[in-house]
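The following dialogue concerns the reading of a structural model. Please have the sequence and coordinates at hand.

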Amino acid sequence: MTISSANVTIGTVAILIYRSGENPVRLHLHNDDNTDTIDLGNASVTTATGLSLLKNDSIELILNPNESLFGISSKEGHLMSFLAQAP
């Protein structure tokens with residue numbers, strides 16, 4: 001197993017958070033902000049269409065091979081972190 005982690009700065013334009021490779025990846029995502037929501041989805045995610053990750057909340061997702069996860073916020077400089085586990 002390979003484990004990696006990173007911090008990502010989310011803004012008002014959808015940004016790539018993570019792209020899986022040839023194998024599925026388990027992602028544990030945390031919204032590090034204590035005031036606002038991050039919305040998660042595909043490359044065209046918006047704050048109206050994404051899956052909302054509330055302030056200081058976490059979620060675990062599995063990305064299938066060659067899938068990408070994007071995020072967007074209603075403000076600039078919104079911090080989130082993730083831990084990725086891949087075979």
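**Aromatic pairing, sheet and a buried histidine**

Q: How many aromatic pairs does the rule give here?

A: Rings of Phe, Tyr and Trp (its six-membered ring) pair if their centres lie within 6.5 Å; planes under 30 degrees apart count as stacked, over 60 as edge-to-face and the rest as tilted. By this rule there is one aromatic pair. Because Y18 belongs to strand 2 and F82 to strand 8, the pair ties together parts 64 residues apart in sequence. The model is predicted: local features need pLDDT of at least 70 and side-chain atom pairs pLDDT 80 or more, while totals for chains, interfaces and linings use all residues. Residues are numbered from 1 along each chain as its sequence is written, and side-chain values use heavy atoms, without hydrogens and water.

Q: Are Y18 and F82 buried or exposed?

A: Buried means under 20% relative accessible area, exposed over 50%, partly exposed in between (1.4 Å probe, protein chains only). Both Y18 and F82 are buried.

Q: In what order do the four strands of the open sheet lie?

A: Strands are DSSP runs (E, at least two residues) numbered from the N terminus, and two of them pair if DSSP finds at least two bridges between them. The order is 2-7-4-5, with antiparallel pairing. Strand 2 (15-19) and strand 5 (51-53) are the edge strands.

Q: Which side chain makes a polar contact with H78?

A: A polar contact is a pair of N or O atoms within 3.5 Å; within protein, one must be able to donate a hydrogen and the other to accept it, and residues adjacent in sequence count only if both atoms are side-chain atoms. The side chains of H78 and N31 are joined at 2.9 Å. H78, in strand 8 (residues 78-86), is buried at a relative accessible area of 0%.
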